[in-house]
Amino acid sequence: MNQTIAQESGSPATSQAGSVGLVEPELGADAAVARKRPRPGERRIQILQTLAGMLEHPRGEKITTAALAARLSVSEAALYRHFASKAQMFEGLIAFIEQTVFGLVNQITLQEEHGLRQTQAVVRMLLSFAEKNPGMTRVLTGEALVGEHERLQERINQMVDRIEASLRQCLKVAVTQGAFPGDADITVRAALIMASVQGQWHRYAKSGFRKLPGEYIDGQLRVLLG
């Protein structure tokens, strides 16, 4: 996972660094006997980072709390001290995706005035996020959520609807700027763009992360926005 999970709520993480493990504290004379416990919140972050990393394996095997606990070298009971259920762990990943994606959408719309370029930048960002975070791509496609609580897929569906609404707004700006005719069907175009993005996410995940989502982005944008 290349996008760092900095927190589960609050401002979006924008670091492009790799997964961050626990920060080792300064050790005193008792270091040989025992290591200090993680600071509050660090273990939760470590659990989410490990879960995201396990989702990057292209075989797509179902992740159990037992396997996650084993990867972290802790007991399953230790996991449940930080998350009430595995569904809550996935909700933590979804919250990170939401915060990052919508934080970047806001940056794009604030920094770029031209609606057509806003749309292009949002599409590129969505595909780049997936490419840099293959495990989270499996969450976005719903593949990692099969057999999990239905509220998780509902939350992903709501996120996709919000992204599509953001695309519609960018396209509306483009219409006012003359990039499209005044009678252009913005709703249909935004839905088509979102479907294309989701198709690239699925293609990337189903290929075992070999077929990059942004492989043909320039040509695709010409077709979608031409």
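These are my notebook entries on what I looked up in this predicted model.

**Ground rules**

I number residues from 1 along each chain as its sequence is written, and I use heavy atoms for side-chain values, with hydrogens and water left out. Since I am working with a predicted model, local features need pLDDT of at least 70 and side-chain atom pairs count only at pLDDT 80 or more, while totals for chains, interfaces and linings use all residues.

**Entry 1: the overall fold**

I started with the secondary structure and found nine helices and zero strands. Helices here are DSSP runs of H or I with at least four residues, strands are runs of E with at least two, and both are numbered from the N terminus. Read along the sequence, the pattern is α-α-α-α-α-α-α-α-α.

Next I looked up burial, and 44% of the 226 residues in the protein are buried. Buried means under 20% relative accessible area, exposed means over 50%, and partly exposed is in between, with a 1.4 Å probe and protein chains only.

Of the contacts with a separation of 6 or more, 67% are between residues 24 or more positions apart.

**Entry 2: the core**

Which residues touch the most other members of the largest nonpolar core? I wrote down F90, L93, V139, I163 and W201, out of 57 residues in this core. A nonpolar core is a set of buried Ala, Val, Leu, Ile, Met, Phe, Trp, Tyr and Cys residues joined through side-chain atoms within 4.5 Å.

The helices that each supply at least two residues of this core are α1 (42–54), α2 (65–72), α4 (86–111), α5 (115–132), α6 (134–140), α7 (150–176), α8 (186–206) and α9 (217–225). The largest share, eleven residues, comes from α4.

**Entry 3: the cavity**

I searched the whole structure for cavities of 30 Å³ or more and got one. A cavity is a set of points, on a 1 Å grid over the protein atoms alone, where a 1.4 Å probe fits but cannot get out; lining residues have an atom within 4 Å of a point. The largest cavity holds about 30 Å³ of space. That volume is the space filled by probe spheres set on the grid points, which are joined across faces, edges and corners.

My list for its lining reads V123, L127, I193, S196, V197, Q200, I217, Q220 and L224. The elements giving two or more residues to this lining are α5, α8 and α9, and α8 gives the largest share, four residues. By class I have six nonpolar, three polar and no charged residues. For these classes, Ala, Val, Leu, Ile, Met, Phe, Trp, Tyr, Cys and Pro count as nonpolar, Asp, Glu, Lys and Arg as charged, and the others, Gly among them, as polar.

One of the lining residues, Q200, got a closer look. Q200 sits in helix α8 and is buried, because its relative accessible area is 10%. Leaving aside neighbours within four places in sequence, Q200 is in contact with L127, L212, P213 and Q220. Q200 and E215 are 15 residues apart in sequence and 9.3 Å apart in space, C-alpha to C-alpha.

**Entry 4: the loop between α8 and α9**

I picked out two residues here. F209 lies in this loop and has a phi near 70°, a positive value in a residue other than glycine. F209 counts as buried because its relative accessibility is 14%.

G214 is in the loop between α8 and α9 as well, but counts as partly exposed at 26% relative accessibility. Not counting residues up to four places away in sequence, G214 touches L127 and E131.

Is S73 buried or exposed? S73 is exposed, because its relative accessible area is 68%. S73 is in the loop between α2 and α3 (76–80), and has a positive phi of about 60° although it is not a glycine.

T50, in helix α1, is buried at 15% relative accessible area. Its contacts, not counting residues up to four places away in sequence, are L68, R71 and L72.

Last, I visited N133 in the loop between α5 and α6. N133 counts as buried at 1% relative accessibility. N133 and L55 are 78 residues apart in sequence and 9.7 Å apart in space, C-alpha to C-alpha.

Key: Contact = heavy atoms within 4.5 Å. 1 Å grid on protein atoms, 1.4 Å probe; cavity = no way out; pocket = protein on both sides within 12 Å on 5 of 7 lines; lining within 4 Å.
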